[in-house]
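Reader: I have a structure to go through with you. Please walk me through the ligand site and then the domains.

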Amino acid sequence: MTGLDGNIAGKSIIVQGFGNVGYWAAKFFENNGAKIIGIGEHDVAAYDPKGLDIEALFQHRAEKGTFRGFGSAEIIEEPIKLMERECDILIPAALERQIGLKNVKNIKAKIIGEAANGPITPDAHDYLVSKGKVVIPDLLLNAGGVTVSYFEWLKNLSHVRFGRMSRKWEEAGKDKLLTLVEENAGRQLTPQERRAVIHGAEEHELVYSGLEDTMIGACEETRATAALKNTDFRTAAIANAIQKISLVTTQSGQMFL
Ligand SMILES: NC(=O)c1ccc[n+]([C@@H]2O[C@H](COP(=O)([O-])OP(=O)(O)OC[C@H]3O[C@@H](n4cnc5c(N)ncnc54)[C@H](O)[C@@H]3O)[C@@H](O)[C@H]2O)c1
C-alpha cells in the first residue's frame with residue numbers, strides 16, 4: 001500500500017460496515033494518511049469531520065457493542081444516511097444493494113469503491129457514472145481475497161510452501177554479491193545492513209508481492225480498456241474478464257468439442 005501514499009493522504013473517507021473488509025479498509029486508508037470521517041454499522045454510524053481513530057473505535061465497539069459514546073463523534077441514528085455526507089471516497093463494505101435509485105442522487109463522494117459485493121444497483125451505477133463519478137467495481141476492488149485463495153490452490157497443488165526451494169539459494173547469492181560490493185567499496189557493512197539485504201522472502205512476503213503484482217496488473221488492464229473503449233471501469237473489467245474466459249476456452253480447444 002505504500003505506493004498509494006501520495007494519492008490517499010489527506011482524503012476524506014466514509015466506510016459502510018466495520019467487519020473484516022470495512023475495518024481493514026479503514027485501517028489501510030488511515031495508515032496511508034487519509035482521514036476516516038465516518039463509519040457506518042447496522043445500528044448506528046459514527047461521524048467526525050476531524051477524523052476517527054480506527055483502532056480506538058474498534059476497541060470501543062468491541063467493549064460496548066456499539067459506536068455510541070465514542071469520544072466526540074456524532075452518532076447518526078439512521079446509519080445509511082452516513083453515505084450521503086460529503087467525502088472524497090465512499091467505501092460500501094457491508095451488504096449488497098445499499099446505493100439504489102432511492103438514495104443515489106444524494107451521494108456526494110467523487111469516488112465510490114465497491115468493497116462489498118454488489119452494493120450499487122445497476123441503475124444507480126449508471127446514474128453515478130452519468131454524473132462523472134468514478135465507480136471502482138467489486139469485480140476489481142475486492143478481488144484480493146480470491147486472488148490469495150488462488151495462491152493457496154497453487155500451493156496445494158505442489159504441496160510445497162512458497163519460497164521453500166529457492167530461499168537459501170537466493171540468500172547465498174546475495175551474500176556473495178555483497179562481499180564483492182564490500183571489497184570494491186572498501187567498507188564493511190554492519191551485520192544489520194547485511195541482514196536487511198540478504199534476508200530471503202518469507203512466504204507471506206511472497207504472497208503480498210504476488211497480490212500487489214496481480215492487483216496492479218488488473219487495475220492497469222481495466223484502466224487501459226476503459227480508455228480504449230471510452231467506457232466506465234465496471235464495463236471495462238467485465239469486458240476484460242469475458243475476453244480472458246474466451247481466450248482460455250479457445251486455447252484449451254473447448255470451442256471445438
Ligand atoms: N471477507 C472477504 O474476504 C471479502 C472479500 C470480498 C468481498 N467481500 C464482501 O464484502 C462485504 C463484507 O464482508 P465482510 O467479510 O467484511 O463481512 P463481515 O460480516 O465481517 O462485516 C460486515 C459488517 O457489516 C455490518 N452491517 C450489517 N448490516 C449493515 C448495515 N445495514 N449498515 C452498515 N453495516 C452493516 C455488520 O454488522 C458487519 O460488521 C460482503 O459483501 C462480502 O461479500 C468480503
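Author: A residue counts as near a molecule if one of its heavy atoms lies within 4 Å of it. This is a predicted model, where local features need pLDDT of at least 70, side-chain atom pairs count only at pLDDT 80 or more, and totals for chains, interfaces and linings use all residues. Residues are numbered from 1 along each chain as its sequence is written, and side-chain values use heavy atoms, with hydrogens and water left out.

Reader: How many residues surround the ligand?
Author: Gly19, Asn20, Val21, Glu41 and Asn117 are the closest. The shell divides into seven nonpolar, eight polar (Gly is put in this class) and one charged (Asp, Glu, Lys or Arg).

Reader: Which residue places a polar side-chain atom 2.5 Å from an oxygen atom of the ligand?
Author: A polar contact is a pair of N or O atoms within 3.5 Å; within protein, one must be able to donate a hydrogen and the other to accept it, and residues adjacent in sequence count only if both atoms are side-chain atoms. Val21 uses a backbone N or O atom, 2.8 Å from a ligand oxygen. The side-chain atom at 2.5 Å belongs to Glu41.

Reader: Where are the two domains divided?
Author: The bounds come from an automatic or database domain assignment. The C-alpha centres of the two domains lie 29 Å apart. The ranges are 2–141 for domain 1 and 144–256 for domain 2.

Reader: Which side chain does Arg234 meet in a salt bridge?
Author: A salt bridge needs a side-chain nitrogen of Lys or Arg within 4 Å of a carboxyl oxygen of Asp or Glu. Between domain 1 and domain 2 the count is two. Arg234 is 2.9 Å, N to O, from its partner, Glu114.
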